[in-house]
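Here is a friendly walk through a protein model, from its strand pairing to its charged side chains and one of its pockets. Please keep the viewer open as you read.

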Amino acid sequence: AYVAMIAKINALVKARTGIEHYRHVWEGDFAGENAHALFVVTSYPSAADIYKIGEKLKNYPEMDVLLAELRGTRHLGSSVLYKAVRNDGVYEGGAVFNTSVSCSDEPAYLKALDDLKAIFDANGFKDTKINLYREISGRTTSTHLVVISLPSQLRVAELLDALSDKELLKDWYVTAAKIRTSHANGTYHE
């Protein structure tokens, strides 16, 4: 019911702003305390656009009715604003492996992610998309979110099987450990 309401909101947003698929709903799979929780993700061209689009959605009676219905069915959790610093994109209806990290050298970590992508490509995961988002507001213990996107939950599971081979990423982990600390990770699907 919740996802259906988000779909209705997306249709209203599209009618008013022209934005296609405004809200995306992700469910935690193997995500620790976030397993089975739903997350709503929205992408904007800039932080200012959040409020510009919000202004366009004010005084919209149909939207107000849906938002009132949502209030009765959901519990709002924390909210974090991210800035994409590497954006390969995600697969619509796909799955992701997210890792929250604290990064001490963002340019070096971006280079490390390029190296990671090359390792994935050479080992049967050319369909992997790697994204890095810097936390700019609402930060908790981490500074960045790494989102590794694949077309399906099965492909994420296959990637996790490959990552459990300590030899595959041994050198990469040694390099990355110098510039990042991993805090939490989990798998999610749209």
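## Strands 5 and 6 and their neighbours

Helices (H or I, at least four residues) and strands (E, at least two) are DSSP runs, numbered from the N terminus. Within this pairing, Ile-130 has Ile-148 of strand 6 as its bridge partner. The hairpin of strand 5 and strand 6 has 6 residues between the strands, and Gly-138 there takes a positive phi near 85°.

This is a predicted model: local features need pLDDT of at least 70, side-chain atom pairs count only at pLDDT 80 or more, and totals for chains, interfaces and linings use all residues. Residues are numbered from 1 along each chain as its sequence is written, and side-chain values use heavy atoms, leaving out hydrogens and water.

## The whole sheet

Strand 5 also pairs with strand 3, again antiparallel and over 6 bridges, and here Arg-86 stands opposite Leu-132 in strand 5. Taken together, 7 strands form an open sheet with antiparallel pairing, in the order 2-1-7-4-6-5-3. Strand 2 (38-41) and strand 3 (81-87) are the edge strands, each pairing on one side only. On average, neighbouring strands of the sheet are turned by 35° against each other, direction ignored. Axes are lines fitted to C-alpha atoms, for helices over the stretch in contact, and angles run from 0 to 180 degrees between N-to-C directions.

Helix 4 lies across strands 3, 4 (95-103), 5, 6 (144-150) and 7 (180-189), running at about 155° to strand 5. Helix 5 (residues 153-163) packs on the sheet too, touching strand 4, strand 6 and strand 7, and its direction makes about 50° with that of strand 4. Contact here means heavy atoms within 4.5 Å.

## Charged pairs

The whole structure holds 9 salt bridges, each a side-chain nitrogen of Lys or Arg within 4 Å of a carboxyl oxygen of Asp or Glu. One of them joins Arg-134 to Glu-106, with the closest N and O atoms 2.7 Å apart. This pair links distant parts of the chain, as Arg-134 sits in strand 5 (residues 129-137) and Glu-106 in helix 4 (residues 106-122), 28 residues apart. Arg-134 is partly exposed at 29% relative accessibility, whereas Glu-106 is buried at 17%. Buried means under 20% relative accessible area, exposed over 50%, and partly exposed in between (1.4 Å probe, protein chains only).

Arg-86 meets Asp-88 in a salt bridge of 3.0 Å, N to O. Arg-86 is buried at 12%, while Asp-88 is partly exposed at 33%. Both belong to a salt-bridge network that includes Asp-114.

## The second largest pocket

How much space lies in the second largest pocket? About 220 Å³, where a volume is the space filled by probe spheres set on grid points joined across faces, edges and corners. On a 1 Å grid over the protein atoms alone, a pocket is an open set of points where a 1.4 Å probe fits, with protein on both sides within 12 Å along at least five of seven lines; lining residues have an atom within 4 Å of a point.

Its lining has 15 residues, with Phe-97, Thr-99, Leu-163, Tyr-173 and Arg-180 nearest the centre. Helix 4 gives the largest share of this lining, 4 residues.

Notes
Two strands pair if DSSP finds at least two bridges between them.
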